[in-house]
Amino acid sequence: MTVVLAVPCAEGVVLAADGQATDPPGGNPLAGVTGFATRFTVEKLYALTDYIAWGGAGPAGLIQRFRIESASWSGQLSASPPIDVARVIIRDAHLRFLQTVRNEAVAIGATPPTFSALYAGHTGGKSWVLEMSQTGVDE
């Protein structure tokens with residue numbers, strides 16, 4: 001289970017997450033030997049810009065993939081837009097990513113993996129937090 005927490009403050013946001021990932025026995029080649037899940041340390045917090053960061057929940061590889069793909073659209077946020085503008089950019093990018101992942105999973109007959117993210121920033125003179133759920137709903 002992943003924990004990502006954002007606390008808005010007067011001049012910024014504190015963003016924190018646990019740093020553990022678990023590879024279940026079915027996905028671990030050592031599972032036949034140990035029968036236990038493997039735990040390892042991963043990064044779950046990333047910067048989009050100097051003023052916006054995010055934390056991801058889901059498979060570590062999917063979080064890493066989203067981090068890499070975010071480089072293609074994060075430049076739209078570099079001017080430190082207010083939350084109403086940032087929300088649209090982030091929501092659209094998040095939804096595109098979820099749809100791509102779903103399509104890839106369906107194409108091979110797999111269940112789409114879960115992925116959600118908590119975005120936080122201090123733009124337009126205000127601190128804000130935006131949660132994007134697995135269904136793509138911003139909360």
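So, is E104 buried, partly exposed or exposed? E104 is partly exposed, with a relative accessible area of 37%. On that scale, buried means under 20% relative accessible area, exposed means over 50%, and partly exposed is in between, using a 1.4 Å probe and protein chains only.

Quick caveats. This is a predicted model, where local features need pLDDT of at least 70 and side-chain atom pairs count only at pLDDT 80 or more, while totals for chains, interfaces and linings use all residues. Residues are numbered from 1 along each chain as its sequence is written, and side-chain values use heavy atoms, with hydrogens and water left out.

Okay, salt bridges. Here that's a side-chain nitrogen of Lys or Arg within 4 Å of a carboxyl oxygen of Asp or Glu. Searching the whole structure turns up four of them.

E104 pairs with R65, at 2.7 Å from N to O. E104 sits in helix α3 (residues 83–107) and R65 in helix α2 (residues 60–70), so this bridge ties together parts 39 residues apart in sequence. Helices are DSSP runs of H or I, at least four residues, and strands are runs of E, at least two, numbered from the N terminus. R65 is partly exposed too, at 25%.

Next up, K44 and D18: their closest N and O atoms are 2.9 Å apart. K44 is in the loop between β4 (38–41) and β5 (45–47), and D18 in the loop between β2 (12–17) and β3 (20–23), 26 residues apart. K44 is buried at 4%, whereas D18 is partly exposed at 23%.

Then R91 meets D92 at 3.6 Å, N to O.
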